[in-house]
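Let's work through a few exercises together. Have a look at the sequence and the model first, then try each task before reading its solution.

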There are 2 protein chains.
Amino acid sequence: MTQPQLTINDFQKLISDRYEKVDRERGSAKTFLWFIEEVGELATALNGKDRENLQEEFADVFAWLCTLANINEVDLAEAVKKKYLGKDASKDHK
Amino acid sequence: MTQPQLTINDFQKLISDRYEKVDRERGSAKTFLWFIEEVGELATALNGKDRENLQEEFADVFAWLCTLANINEVDLAEAVKKKYLGKDASKDHK
């Protein structure tokens, strides 16, 4: 790849530029339903053998997570920095 | 922020470095259960008024999505580039 590394901010902004107006009109609860539909498709893909579909479903879940973050004014990069990279970064993981 | 922008790759690698050994031993199905627990906590936070908790739950869902990607050999940055940034990038969004 000659492209520069994609930042979390860049991707969240791309999703915002492309979809946020419609996402915002739909609202958070209905958007969560679409997010969960993608999570279900990820579960199906994890049970299958289609690698390309699996990658696509990971991408879709991440995209819908960005959508949810956008319409709830959450900066995903800041959120993960605070939780996982800061000096108070949590070490708790199951 | 004086920190450089966090890339998707960097964050996926951080989660790998910190947790992948344990995640891999746990396996994909059990890891999916933990992921869904975090998705549930995100739903609770979306219904609440605690902004700090909401940010944290977004971070956790993203972290667990990276975990699932790690143990399934999926490069999340490549997956979103292919689906959302390529010349064949999908425009379909609900």
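A polar contact here is a pair of N or O atoms within 3.5 Å; within protein, one has to be able to donate a hydrogen and the other to accept it, and residues adjacent in sequence count only if both atoms are side-chain atoms. Keep in mind that this is a predicted model.

**Exercise 1. Describe the fold of chain A.**

Step 1: Go by secondary structure. Chain A has four helices and zero strands.
Step 2: Follow the sequence, and the pattern reads α-α-α-α.
Step 3: For the dimensions, take the C-alpha trace of chain A, which spans about 40 × 35 × 35 Å along its principal axes.

**Exercise 2. Work out how chain A and chain B meet, and what chain A brings to the interface.**

Step 1: Start with who takes part. Chain A gives 61 residues to the contact and chain B gives 61 residues.
Step 2: Now the area. About 5,400 Å² is buried between chain A and chain B, with 67% of that coming from carbon and sulfur atoms.
Step 3: Turn to the polar side. There are 14 residue pairs in polar contact across the interface of chain A and chain B, both residues being at pLDDT 80 or more.
Step 4: Find the elements on chain A's side. Those giving two or more residues are helix 1 (8-26), helix 2 (28-47), helix 3 (51-71) and helix 4 (76-85) of chain A. Helix 3 of chain A has the largest share, with 16 residues.
Step 5: Sort that side of chain A by class, and you get 34 nonpolar, 10 polar and 17 charged residues.

**Exercise 3. Decide how helix 4 of chain A sits against helix 3 of chain B.**

Step 1: Two packed helices are described by the angle between their axes and the distance between the axes.
Step 2: Here the axes come within 8 Å and cross at roughly 90 degrees.
Step 3: Angles of 65 to 115 degrees count as roughly perpendicular, so helix 4 of chain A and helix 3 of chain B are roughly perpendicular to each other.
Step 4: Look at the residues that touch. Helix 4 of chain A brings residues including L76(A), V80(A) and Y84(A), while helix 3 of chain B brings, among others, F58(B), A59(B) and F62(B).
Step 5: By class, this contact has eight nonpolar, one polar and five charged residues.

Terms used. Residues numbered from 1 in each chain as written. Chains lettered and ligands numbered in written order. Predicted model: local features only at pLDDT ≥ 70, side-chain atom pairs only at ≥ 80, totals over all residues. Heavy atoms only, no water. Contact = heavy atoms within 4.5 Å. Buried area = accessible area lost by both parts, 1.4 Å probe. Nonpolar A, V, L, I, M, F, W, Y, C, P; charged D, E, K, R; others polar. Axes fitted to C-alpha atoms, helices over the stretch in contact; angles between N-to-C directions. Parallel < 35°, antiparallel > 145°, perpendicular 65-115°, else oblique.
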